[in-house]
Amino acid sequence: MEFVVILFFFGLSAGVIGKIKGSSFFLWFLVGFCLPVAGTLAALLYRFEREEPKRKCPECGNVVPLHDQVCMGCGRDLDWPSEKAPASPA
């Protein structure tokens with residue numbers, strides 16, 4: 001029972017760190033729960049997704065991360081932009 005409590009708190013710490021960095025709380029909770037120390041360290045070393053450069057789709061105007069090749073709004077195949085849009089606050 002004590003081990004489950006320890007796993008829960010490692011999952012909670014990884015989930016909170018992942019959420020602060022702009023990722024999914026539930027995903028990082030599962031990683032931290034299944035891999036107690038490694039999951040929390042991975043969440044600490046993961047990139048900040050809120051600081052990712054973004055670009056605007058020319059067809060629907062949806063703002064997507066720069067590394068996305070397909071627009072999640074309309075499904076258009078995006079070319080590499082000559083300029084990027086500013087990162088929008090979440």
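Mentor: The largest share of the nonpolar patch, three residues, comes from helix α2; helices (H or I, at least four residues) and strands (E, at least two) are DSSP runs, numbered from the N terminus. This is a predicted model, in which local features need pLDDT of at least 70 and side-chain atom pairs count only at pLDDT 80 or more, while totals for chains, interfaces and linings use all residues. Residues are numbered from 1 along each chain as its sequence is written, and side-chain values use heavy atoms, with hydrogens and water left out.

The patch itself is made by V16, I20, F25, F26, L30 and F48, and covers about 550 Å². Patches consist of residues with over 30% relative accessible area and no salt bridge; like charges are joined within 9 Å, nonpolar side chains (Val, Leu, Ile, Met, Phe, Trp, Tyr) within 5 Å. A salt bridge is a side-chain nitrogen of Lys or Arg within 4 Å of a carboxyl oxygen of Asp or Glu. Accessible areas come from the Shrake-Rupley method with a 1.4 Å probe, and for residues only the protein chains shown count as cover. Both α1 (2-20) and α2 (25-34) supply at least two residues of the patch.

Helix α2 contains F26 and also F29. F26 counts as exposed because its relative accessibility is 56%, whereas F29, at 14%, is buried; buried means under 20% relative accessible area, exposed over 50%, and partly exposed in between (1.4 Å probe, protein chains only). Not counting residues up to four places away in sequence, F29 touches F8, G11, L12 and G15, where contact means heavy atoms within 4.5 Å.

Rings of Phe, Tyr and Trp (its six-membered ring) pair if their centres lie within 6.5 Å, and planes under 30 degrees apart count as stacked, over 60 as edge-to-face and the rest as tilted. The whole structure holds five aromatic pairs. One of them, F8 with F9, is edge-to-face, with 5.4 Å centre to centre and 75 degrees between the planes. F8 is partly exposed, since its relative accessible area is 38%.
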